[in-house]
Amino acid sequence: MSSLIERIGRRWYVLLALTAAPVFAVLAPLLVGGEILAWGDDVRQAAPLYAFYARALHAGESILWNPDNFGGFPVFATAFGFFAPWNFIAAWLIASPLGALRVIPWFTFAAFAVGAFAVARLLMAFGVSFWAACLGAIAFTMARQPDNFYPVVNFAHSLLPVLFLCIWEAARTGRRRWAFGGALALGLGWLGANFQDVLYVLTVLLPFAIFSGVYQRRARPDFSGRRLAARLTFMVAAGT
């Protein structure tokens with residue numbers, strides 16, 4: 001039975017479901033239980049900003065300047081993920097800030113689920129067994145232990161394994177789609193995560209790309225380091 005699950009679980013959609021299930025269980029009170037994690041930054045920053053977004057968007061006013069903060073403050077100067085798609089979706093669909101705080105955990109869940117999936121795929125690519133890879137993915141995701149659940153402070157945690165997976169697969173297969181996927185993930189990171197967190201992620205991309213290139217060079221004599229360098233350059237340039 002275990003071998004059957006393992007064989008089926010190697011399909012990407014099954015692996016995604018397996019690694020996302022524990023994350024859903026932890027976040028279930030926020031996702032389907034009707035609870036709101038309203039403390040810390042969620043109260044001090046998220047709720048007031050969602051109120052401003054909703055008021056400005058529904059009134060057709062500018063979102064570049066928030067008159068409610070400090071007698072007027074440029075919203076894009078905050079670390080809130082000013083252009084993050086989920087902020088606008090939540091504010092546009094849900095007029096009240098408390099309603100937005102009910103929607104936002106779903107985006108956090110999606111980010112955590114994709115991050116856990118990327119960790120599991122990456123660990124299996126390194127030769128880790130299926131179940132060990134699933135446990136490693138869950139451990140990595142749960143290690144975040146956020147004190148709030150809006151995605152701007154959690155997105156970079158999942159961005160790192162996603163970019164690692166894209167680099168690894170770009171080195172292994174040489175396919176351009178992994179470079180495009182990495183560029184898309186990095187672009188979302190710049191839009192929706194704290195800037196300093198994205199910079200932390202960028203600092204480790206080059207060492208990991210070098211590691212991936214050396215590994216593939218030893219495994220495949222036909223490996224092209226120049227092609228990997230081109231893929232990495234495109235990923236960072238296009239994503240930025």
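A residue counts as buried when its relative accessible area is under 20%, as exposed when that area is over 50%, and as partly exposed in between (1.4 Å probe, protein chains only). The structure is a predicted model, in which local features need pLDDT of at least 70 and side-chain atom pairs count only at pLDDT 80 or more, while totals for chains, interfaces and linings use all residues. Residues are numbered from 1 along each chain as its sequence is written, and side-chain values use heavy atoms, with hydrogens and water left out.

With these terms in hand, the overall fold can be described. The protein has 10 helices and two strands; here helices (H or I, at least four residues) and strands (E, at least two) are DSSP runs, numbered from the N terminus. Along the sequence the elements follow the order α-α-α-β-β-α-α-α-α-α-α-α. Of the 240 residues, 45% are buried. The protein exposes about 12,100 Å², and carbon and sulfur atoms supply 67% of this area; accessible areas come from the Shrake-Rupley method with a 1.4 Å probe, and for residues only the protein chains shown count as cover. Contact means heavy atoms within 4.5 Å. Among contacts with a separation of 6 or more, 70% join residues 24 or more positions apart.

What lies inside this fold? In soluble globular proteins, nonpolar side chains tend to be buried together. A nonpolar core is a set of buried Ala, Val, Leu, Ile, Met, Phe, Trp, Tyr and Cys residues joined through side-chain atoms within 4.5 Å. The largest such core holds 44 residues, and Y53, L163 and I167 touch the most other members. At least two residues of this core come from each of α3 (41-59), α4 (85-93), α5 (97-125), α7 (155-173), α8 (176-192), α9 (195-219) and α10 (225-239). The biggest contribution is that of α7, with 12 residues. A second, separate core has 10 residues, including L15, F117, M124 and C134.

Leaving aside neighbours within four places in sequence, F117 is in contact with W12, L15, L16 and T19. F117 and L165 are 48 residues apart in sequence, yet their C-alpha atoms are 9.9 Å apart in space.

Helix α2 (residues 12-31) comes next, and A28 is found there. The buried residues of α2 are V14, L15, T19, A20, V23, L27, A28, L30 and L31. A28 itself counts as buried because its relative accessible area is 18%. A28 and F109 are 81 residues apart in sequence but 9.6 Å apart in space, C-alpha to C-alpha.

A kink of about 25° lies at L205 in α9, shortly before the proline P207. Buried positions in α9 are D197, V198, V201, L205, F208, A209, S212, G213 and Q216. S212 is buried, with a relative accessible area of 0%.

Strand β1 (residues 65-66) contains W65. Is W65 buried or partly exposed? At a relative accessible area of 49%, W65 is partly exposed. Not counting residues up to four places away in sequence, W65 touches F52, G72, F73, P74 and V75.

Finally, the cysteines deserve a word. C134 is buried at 6% relative accessibility, and C166 is buried with a relative accessible area of 6%. A disulfide is a covalent bond between the sulfur atoms of two cysteines. Taking a disulfide as a pair of cysteine sulfur atoms within 2.5 Å, a search of the whole structure finds zero.

Definitions and conventions:
Bend = angle between axes of the 7 residues up to and from the residue.
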